[in-house]
Amino acid sequence: MLKVEMKDIVEAYGRIRKYVQKTPLIYSPETSERTGSEVWFKMENLQPIGAYKLRGAMNNILGMSDEDLKCGVVAASAGNHSQAVAYAAKLKGVSAVVCVPESTPMNKRYGAIKHGARLVVYGPNYEEAENRAHEIEAEEGRKFVHAYESNETIAGQGTVAIESLLEKGDFDAILVPTGGGGLLCGVAIAAKAMNPDIKVYGLQTNTSAPWDKSFHERKLNNDCPFLPTCADGLEGAITWPNVELALTCVDDIFVVDEESTREGIKWMAQKHHYMIEGASATCLAALFEDHQELKGKKVLCIITGGNIDLDKFCEICEKDY
């Protein structure tokens, strides 16, 4: 069972803050005018690896002893966590192996290699890649760094909320792209501790939405379509521990349309000149789709990453929405 408290997130922030970027919080007048909400973006795409995942990976590795790290670390990821673990391991001078599924975009693979990790491409999905990572863990004695199902990862990801709310503490709602749920849980725990009235909403696309059923039925349910999506960082089956934790601190899950998410990618490029991933664009999709919970509210959007494949980005931006 996962157990993360505000003190864990505060400790994580003290541990990692000199290794991660304090990313900007920017107001979007164009999005605010279009949606009828006051919209702000937390730009985690500007982290050194281009994604928020660095926070959780750094907290894991900085918290390990030299004895823990002597054989190195291993991780499984759909992309950004692999880069984060590689980067954090390099800072600590330890070796890293990262296992990614065959669907992982090439730019995310190159990112892990660039930071010195040994890349293993294995299986059609995250679950297969994670199984291979655990085999390597057993074979080589490496420490496994989980992308979302660990207290250390969740605490590290929650530092996004601390940083945001210390700068502006009066948000009504936070929109959190949700894959495994580490970021969602960490942000919700920290946000509720700092402002009990704030609402925290997880986001998935309608092409891969196991959180919707699991959260509302209050039991794990991965019985849903898993279709190709531009939000590749959010796709795939989920596990119960993060859902169980989310049920204690998250207000709701919104499922957004794939087409609205693609429009969000193009909108961010046109209006703010940033390339963002499909996962990040689910925040814009939720606003575009007129969820009444967000109308007239001051809304913080976590822009989780910018590591989108260039060909995919160009294809999305060529279309009209």
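1. Is serine 150 buried or exposed? Serine 150 is buried, because its relative accessible area of 11% falls under the 20% cut-off. Please keep in mind that this is a predicted model. Serine 150 sits in the loop that runs between strand E6 (143-144) and helix H8 (151-167). The side chain of serine 150 makes a polar contact of 2.8 Å with the side chain of threonine 153. Leaving out residues up to four places away in sequence, serine 150 touches Leu2 and Asn60.

2. Helix H8 takes us on to helix H1. H1 (residues 6-16) packs against H8 with the axes 8 Å apart and an angle of about 85°. The two helices, H1 and H8, are therefore roughly perpendicular to each other. On the H1 side, the contact is made by Met6, Asp8, Ile9, Val10, Ala12, Tyr13 and Ile16. On the H8 side, the residues are Ala155, Gly156, Gly158, Thr159, Ile162 and Glu163. Sorted by class, the contact of H1 with H8 has eight nonpolar, three polar and two charged residues.

3. Helix H3 (residues 53-62) and helix H5 (residues 80-92) have axes 8 Å apart and pack at an angle of about 40°. That angle makes H3 oblique to H5. The crossing of H3 past H5 is right-handed. H3 brings Lys53, Leu54, Ala57, Met58, Ile61 and Leu62 to the contact. H5 brings Asn80, His81, Ala84, Val85, Tyr87, Ala88, Ala89, Leu91 and Lys92. By class, there are 11 nonpolar, two polar and two charged residues in the contact of H3 with H5.

4. The axes of H5 and helix H6 (residues 106-114) cross at roughly 10° and come within 8 Å. H5 is therefore roughly parallel to H6. The H5 residues in this contact are Asn80, Ser82, Gln83, Ala86 and Lys90, and those of H6 are Asn107, Lys108, Gly111, Ala112 and Lys114. The class breakdown for H5 with H6 is two nonpolar, five polar and three charged. If you set the two contacts of H5 side by side, Asn80 is listed in the one with H3 and also in the one with H6.

5. Where is glutamine 47 found? Glutamine 47 is in the loop between strand E2 (38-43) and H3. With a relative accessibility of 4%, glutamine 47 counts as buried. The side chains of glutamine 47 and glutamate 44 are joined by a polar contact of 3.2 Å. Beyond four places in sequence, glutamine 47 touches Val20, Gln21, Thr23, Tyr52, Leu54 and Arg55. One of these residues, Leu54, is also part of the contact that H3 makes with H5.

6. Asparagine 125 is placed in the loop between strand E5 (118-121) and helix H7 (126-140). Asparagine 125 is partly exposed, at a relative accessible area of 31%. The side chain of asparagine 125 reaches the backbone nitrogen of glutamate 128 at 2.9 Å. Asparagine 125 and glutamate 235 are 110 residues apart along the chain, and their C-alpha atoms are separated by 9.2 Å.

7. Now for the loop between helix H13 (278-288) and strand E10 (298-303), which holds aspartate 290. Glutamate 289 is in the loop between H13 and E10 as well. Glutamate 289 is partly exposed, with a relative accessible area of 28%, and aspartate 290 is partly exposed at 40%. Setting aside neighbours within four places in sequence, glutamate 289 is in contact with Val255, Val256, Asp257 and Ser260.

8. Aspartate 290 has a positive phi of about 60° although it is not a glycine. Arginine 218, likewise not a glycine, has a positive phi of about 60°. Arginine 218 is found in the loop between helix H10 (210-217) and helix H11 (240-246). Is arginine 218 buried or exposed? With 56% relative accessibility, arginine 218 counts as exposed.

How values were computed: Residues numbered from 1 in each chain as written. Predicted model: local features only at pLDDT ≥ 70, side-chain atom pairs only at ≥ 80, totals over all residues. Heavy atoms only, no water. Axes fitted to C-alpha atoms, helices over the stretch in contact; angles between N-to-C directions. Helix = DSSP H or I, 4+ residues; strand = E, 2+ residues; numbered from the N terminus. Parallel < 35°, antiparallel > 145°, perpendicular 65-115°, else oblique. Left-handed = near helix turned anticlockwise from the far one by under 90°. Contact = heavy atoms within 4.5 Å. Nonpolar A, V, L, I, M, F, W, Y, C, P; charged D, E, K, R; others polar. Buried < 20%, exposed > 50% of the residue type's maximum accessible area, 1.4 Å probe, protein only. Polar contact = N/O pair within 3.5 Å; in protein donor to acceptor, adjacent residues only side chain to side chain.
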